[in-house]
Amino acid sequence: MTRPASLELGLIGNCAISALVDRQACIVWCCLPRFDSDPVFHALIDSPEGIPADGAFSIEIEDLVRSEQAYDEGTAILRTRLFNGHGDAIEIVDFAPRFFNRGRSFRPALLVRRVRALQGHPRVRVRLRPRGDWGRTVPPVARGSHHLCYAMPHGNLRLTTDAPVIYVHDETWFSLAEPLNLLLGPDETLERGVGEVARGFEEQTALYWRGWTRSLALPLEWQDAVIRAAITLKLCLYEETGAIVAAMTTSIPEAPNSQRNWDYRYCWLRDAFFVVRALNSLSEVATMEEYLRWLHNVVRDAKGGHIQPLYGVGLEKQMPERQLDHLRGYRGMAPVRVGNQAHEHVQHDVYGNVVLGASQSFFDKRLFRGADASDFALLEAVGERAWAVHDQPDAGMWELRTRARVHTSSALMSWAACDRLAKIATRFGLGERHSMWRTRADAIRERILREGWSDKRKAFAESLGGHDLDASVLLMAEVGFLDPQDARFIATVDALETSLCDGPYMRRYEAADDFGRPETSFNICAFWRIDALARIGRKAQAREIFEAMLAARNSLGLLSEDTDPRNGELWGNFPQTYSMVGVINGAVRLSAPWDTVI
């Protein structure tokens, strides 16, 4: 009997590839050779009757009755234990190698699975069924003395193992007499024995992640949650280019049977800025440096013109959206979509997100390459676009497909672009440039305060001149637009709590969109609420909601995009960077200071 698909999943990866592993140690999702490639394992999004064997990589114990799963502390190494009813147990260790070798980052497109018996005399089965062309192609398999080679559409995929190859090929149950290692990756011969390689990779990868974690400037409270969130955000960095993807999956519905199924395996400039900002709050600046390299290419290519809200991890501009009708969807909830139409959208907040994402590089002395005057000139061209469009309709940050308005959040980010450029001009002693950008920022601010405020709702509305409410206006305090003690901001928080909140959870907006009214809460909105409450002095309430949001995470501490307020079930693409950003921001904002204990 197959088990139902769920988002009780762990993420493994190395900033080049990633995979999702369920509680029974089955890899149900993995794209190779990069995050937005054709999936080698796609079972998660073709699961109407549960997780199928096709498009998955499972290691099973005979007569399974329960499982346990946890990350090794401070690492991206996942450990799953499977137990049967006869006193037998096995342990599977999953990871993707990541460490420094000969002065370079070593992050091969390789998954490592190590299996050992914990107790008794367990019988196990390995079922490896990669698929190509989004599940349409069953690859031919060639067998060697210690490997299986799968002829995938994107190139050969090799499993190198010290398990009996015939048992793996035939999916035969066999006794686990000694530890086994399975390495799945490029069609390359190992220079040493598979066991020695796997053991060495695990040791070096553990050392890397523990060293990385050790460098974080953690808050006193909720350290485990922050560490897990930080590692998860780091894993969403495609290090070769510096792009940061919004999530690892496509087409996990935002709500059951909602048709809100999107492909998030791309780099949204908005989401990436918030990732960088969160990691910077922990003094982790390397991710920002990698992202700035990618962002610099985006800005230079735009030549002062239109910038898309998202790009491919390799700077691709075209991500045509299409439906794959042969796939039945997560729990049978089609459609499965590849690509994202939002790359065609006009979303004016993007210019503010570009400037905000780059502004720290003009002031931070820790960076290997700090920004200079030529970078400022390049960024000013982005600011010119922000100024030109600040009062023009767009699709907004929620990417509405059939409605355009002058969204308050977009105007807010145009203000942020002008405000930060004024500050950077001061850094270079450019008085005239400072005055110009400050004048523009003040003009946008005055317009938002005048037209964004709704007397009818006693709150800032989602669009200038409008009256509908939208959680994104909570960012006014975070980006420094408004003093959180301003009576208008406090009134806005109160109005949003009344209209958009279901207990600790919060919806994005109240007006119906292309698919009707949102059914589930949007996790990052709850964290924006937490931040706002803390800023206005309601820390006890903020802490209570924060604890509830931590409880909403899956058993490994990960969050997707949405939560069903009725039963706490996770929905939407996974793991969602926006949501994991909220965990870090909430902990940093609310934690007691270190000097209370030391």
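**Exercise 1. For the predicted model, state how the lining of the second largest cavity divides by residue class, and identify the residues nearest its centre.**

Solution. 
- Step 1. The lining of the second largest cavity consists of six nonpolar, three polar and five charged residues.
- Step 2. In total, 14 residues line this cavity. Those nearest its centre are Trp398, Leu400, His407, Glu462 and Asp470.
- Step 3. The volume of the second largest cavity is about 80 Å³.

**Exercise 2. Describe the largest cavity by its volume and by its lining.**

Solution. 
- Step 1. The whole structure holds five cavities of 30 Å³ or more.

**Exercise 3. Determine which residues touch the most other members of the largest nonpolar core.**

Solution. 
- Step 1. The largest nonpolar core has 201 residues, and Leu269, Ile307 and Trp528 touch the most other members.
- Step 2. Helix α8 (residues 408-427) supplies the largest share of this core, 11 residues.
- Step 3. Another core, apart from the largest one, has nine residues, including Ala247, Trp262, Tyr264 and Leu310.
- Step 4. For Leu269, neighbours within four places in sequence are set aside; the residues in contact with Leu269 then include Tyr291, Trp294, Ile307, Tyr311 and Val354.

**Exercise 4. Classify the ring pair of Trp209 and Trp212: stacked, tilted or edge-to-face?**

Solution. 
- Step 1. The whole structure contains 27 aromatic pairs.
- Step 2. The ring centres of Trp209 and Trp212 are 5.7 Å apart and their planes stand at 80°. Planes over 60 degrees apart count as edge-to-face. The pair of Trp209 and Trp212 is therefore edge-to-face.
- Step 3. Both residues belong to helix α2 (residues 194-214) and are three residues apart, about one turn of the helix.
- Step 4. Trp209 is buried, with a relative accessible area of 0%, and Trp212 is buried at 8%.

**Exercise 5. Characterise the aromatic pair of Trp398 and Trp528, and locate each partner in the chain.**

Solution. 
- Step 1. The pair of Trp398 and Trp528 is tilted, with 6.0 Å from centre to centre and 40° between the planes.
- Step 2. Trp398 lies in the loop between α7 (373-389) and α8, and Trp528 in helix α12 (residues 523-535); the pair links distant parts of the chain, 130 residues apart.
- Step 3. Trp398 is buried, with a relative accessible area of 12%, and Trp528 is buried at 4%.
- Step 4. Ring pairs join Trp398 and Trp528 with Phe273, Phe274, Tyr509, Phe522 and Tyr578 in a cluster.

How values were computed: Residues numbered from 1 in each chain as written. Predicted model: local features only at pLDDT ≥ 70, side-chain atom pairs only at ≥ 80, totals over all residues. Heavy atoms only, no water. 1 Å grid on protein atoms, 1.4 Å probe; cavity = no way out; pocket = protein on both sides within 12 Å on 5 of 7 lines; lining within 4 Å. Points joined across faces, edges and corners; volume = space filled by probe spheres on them. Nonpolar A, V, L, I, M, F, W, Y, C, P; charged D, E, K, R; others polar. Core = buried A, V, L, I, M, F, W, Y, C linked by side-chain atoms within 4.5 Å. Buried < 20%, exposed > 50% of the residue type's maximum accessible area, 1.4 Å probe, protein only. Helix = DSSP H or I, 4+ residues; strand = E, 2+ residues; numbered from the N terminus. Contact = heavy atoms within 4.5 Å. Phe/Tyr/Trp six-rings, centres within 6.5 Å; stacked < 30°, edge-to-face > 60°.
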